[in-house]
Amino acid sequence: PHEHLAFEIVKASFCFGTDPLMTLAKIHRETDFSRMGISSGGAVGFSQMTGAGISEVQDQMSGDNSISMPGTRDFFRMAIRCYTGNADYSAFKGDRVTVQKALREDYRLDLIYGQILLKSYVSYTAAIGKRSMAESDSKNSYCDAFVLYNGDTHVVNGKCMGKKVQMRYE
């Protein structure tokens, strides 16, 4: 039910430190809350995970400080434990097809992958932009993160922007 999904998204956002309204807006725009759809680019779930997105999440969860910031995996494990009650909720290994199948079978795993990717992108865009947590800076970090999240360069009739734009900007 919608109330349960709203609760899960807000809880996941609280645990991972993302804005629940931004998370909801992303899910609404990407999937219209239809988790079982597959995009034309092969992305699946609420989080619209592609092979590149899956690889990024796996890198963040690898514990390899040459490809992610020190402490990243520990932070995300604490967030997963906060959200699910289990720090080892799922292994973050496997090829794209295997992971996408797991995401389609488990909505909580789907939300976890989406939260890890969104938090990584928001943190990255805030850092490179030398942004604070002020409202305008935070909005700019999310806007830039959404462009990274949805790398789709196809031109669409924008629902949000009201003109023809690349999907990643819409």
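Predicted model: local features only at pLDDT ≥ 70, side-chain atom pairs only at ≥ 80, totals over all residues.

Residues are numbered from 1 along each chain as its sequence is written, and side-chain values use heavy atoms, with hydrogens and water left out.

Q: Is Arg131 buried, exposed or partly exposed?
A: Look at the relative accessibility of Arg131, which comes to 24%. Because of that value, Arg131 counts as partly exposed.

Q: Which residue does Arg131 meet in a salt bridge?
A: A salt bridge here is a side-chain nitrogen of Lys or Arg within 4 Å of a carboxyl oxygen of Asp or Glu. For Arg131, the N to O distance is 2.7 Å, and the partner is Asp144.

Q: How many residues apart are Glu105 and Lys101?
A: These two side chains also meet in a salt bridge, at 2.8 Å from N to O. Glu105 is exposed and Lys101 is too. Both sit in helix H5 (residues 96-105), about one turn of the helix from each other, and their spacing in residues is four.

Q: Is Thr125 buried or exposed?
A: Thr125 touches Arg131, Ser141, Asp144, Ala145 and Leu148, leaving aside residues up to four places away in sequence; contact means heavy atoms within 4.5 Å. Its relative accessible area is 3%, so Thr125 is buried.

Notes:
Buried < 20%, exposed > 50% of the residue type's maximum accessible area, 1.4 Å probe, protein only. Helix = DSSP H or I, 4+ residues; strand = E, 2+ residues; numbered from the N terminus.
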